[in-house]
Amino acid sequence: MDNRVDAHTHLFAPAQIAARVALSERDPTFAELYADPRAKLADAPALRTALDRAGIGRAVAAGFAFASPRDLAEQAEYLLAVAAESNGAIAALPCLNLADPGWERDARRWLARGARGFGELRPGNQGWDPLGPEAIRLAHLAAESGAVLLWHVSEPLGHAYPGKRGGIGPIELAELAARAPSARMVAAHLGGGLSFYLQMPEVRRAIENIYFDTAAAFLLYDEWSVARLVDLAGPGRVLFGSDFPLLAPRRQLERILAGLPPATAPGVCGGNAATLYFGLPSE
Ligand SMILES: [Zn+2]
């Protein structure tokens, strides 16, 4: 049971949760997702409670794509402290803004203090080019350091929802991954359709470094979508993630397990993320 990992959750520092109104006034992307007081914001104790309820032992805690380096740093400090105190249960993924000239200094500093990667990256919201020189530098930094890049992938079709746009497009992500084949990247939300192209042999070879997570799967896709993704990408490249606190890990895990071939469940629901994000040996 404890081998389970929720590979996609979001935490904010308690002071940021308390500052929801002020943050919404100065950060349009934050406002789009969280200005509504009913939109949930969570700290580490809330995550721990949700994981316990679901019988999940570990989680990846990602940051939010704030515009301001100060807000990013405040959240990064919190994520790193939570991870450091977690006994290996929480992997911290602070977020970056590549439009800020100081991003690389922060990224290296946070890696030295235990960050396992960066996310959830939203180049569109922050106004940087996901195929530009800074993005290539980030991909090379990930390759050389082992950091994992978690991308909000914006699916080009379908219904609108807060935060849908502003991520990376599936085709852009494939191109970036092909340019930095040693950088490990995770395409959130089932990858926005990218998995379809894995059926083209040359594409499959070019993006062997892309993994897919299931965050918010059933807000976007039907009940069998995760099983189909496992079929297309292979059971070693799909990671269960809930998108907590938007959704409860327990219910998401139940729904995903209900649709998965039993043999693939241990990897998808924990083993793959334990290896990728926590550096544990694969089983
Ligand atoms: Zn996302």
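Which strands does α14 lie across, and at what angle to β1 does α14 run? In this predicted model, α14 lies across β1, β2 and β3, and its direction makes an angle of about 60° with β1. The report starts with the chain as a whole and then returns to these elements.

**Overall form**

The chain has 14 helices and eight strands. Its radius of gyration is 17 Å, close to the 19 Å that the globule rule gives for 283 residues, so the chain is as compact as a globular protein of that length. Along the principal axes, the C-alpha atoms fill a box of roughly 45 × 40 × 40 Å. Buried residues make up 49% of the 283 in the chain. Among contacts with a separation of 6 or more, 76% are between residues 24 or more positions apart.

The largest nonpolar core has 93 residues, and the members that touch the most others are Ala61, Leu149, Trp151, Leu173 and Ala187. Leaving aside residues up to four places away in sequence, Leu149 touches Gly117, Phe118, Gly119, Leu121, Leu138, Ala142, Ala183 and Met185.

**The three-stranded sheet**

Strands β1, β2 and β3 form an open sheet in the order β1-β2-β3, with parallel pairing. β1 (5-10) and β3 (90-93) are the edge strands, each pairing on one side only. On average, neighbouring strands of this sheet are turned by 20° against each other, direction ignored.

β1 and β2 are joined in parallel by four bridges, and threonine 9 has alanine 61 of β2 as its bridge partner. Four bridges also join β2 (residues 58-62) to β3, again in parallel. There, alanine 59 stands opposite isoleucine 90 in β3. Six of the six residues of β1 are buried, so β1 is largely enclosed by the rest of the structure.

**Helix α12**

Helix α12 spans residues 225-233, and its buried residues are Val226, Leu229, Val230 and Ala233. These cover an arc of only 100° around the axis, which puts them on the same side of α12. An α-helix has 3.6 residues a turn, so residues three or four places apart point the same way. The buried residues of α12 pack against β7 (210-213), α11 (217-220), β8 (238-239), α13 (249-259) and α14 (265-278).

**Backbone exceptions**

Most residues other than glycine have a negative phi, and most peptide bonds are trans. The table lists places that depart from this.

| Site | Feature | Value |
|---|---|---|
| Glycine 119 and glutamate 120 | cis peptide bond | omega about 0° |
| Phenylalanine 244 and proline 245 | cis peptide bond | omega about 5° |
| Asparagine 87 | positive phi, not a glycine | phi about 60° |
| Aspartate 243 | positive phi, not a glycine | phi about 75° |

Glutamate 120 is in strand β4 (residues 117-121), whereas proline 245 is in the loop between β8 and α13. Aspartate 243 is placed in the loop between β8 and α13 as well.

Is asparagine 87 buried or exposed? Asparagine 87 is exposed, because 7 other C-beta atoms lie within 10 Å and a residue counts as exposed at 12 or fewer. Asparagine 87 is found in the loop between α5 (69-84) and β3. Aspartate 243, by contrast, is buried, because 23 other C-beta atoms lie within 10 Å, where 20 or more are needed to count as buried.

Terms used: Residues are numbered from 1 along each chain as its sequence is written. This is a predicted model: local features need pLDDT of at least 70, side-chain atom pairs count only at pLDDT 80 or more; totals for chains, interfaces and linings use all residues. Helices (H or I, at least four residues) and strands (E, at least two) are DSSP runs, numbered from the N terminus. The radius of gyration is taken over C-alpha atoms; the globule rule is 2.2 Å times the number of residues to the power 0.38. Two residues are in contact if their C-beta atoms, placed from the backbone, lie within 7 Å. A nonpolar core is a set of buried Ala, Val, Leu, Ile, Met, Phe, Trp, Tyr and Cys residues joined through C-beta atoms within 7 Å. The arc is that of the directions from the helix axis to the C-beta atoms. Two strands pair if DSSP finds at least two bridges between them. Axes are lines fitted to C-alpha atoms, for helices over the stretch in contact, and angles run from 0 to 180 degrees between N-to-C directions.
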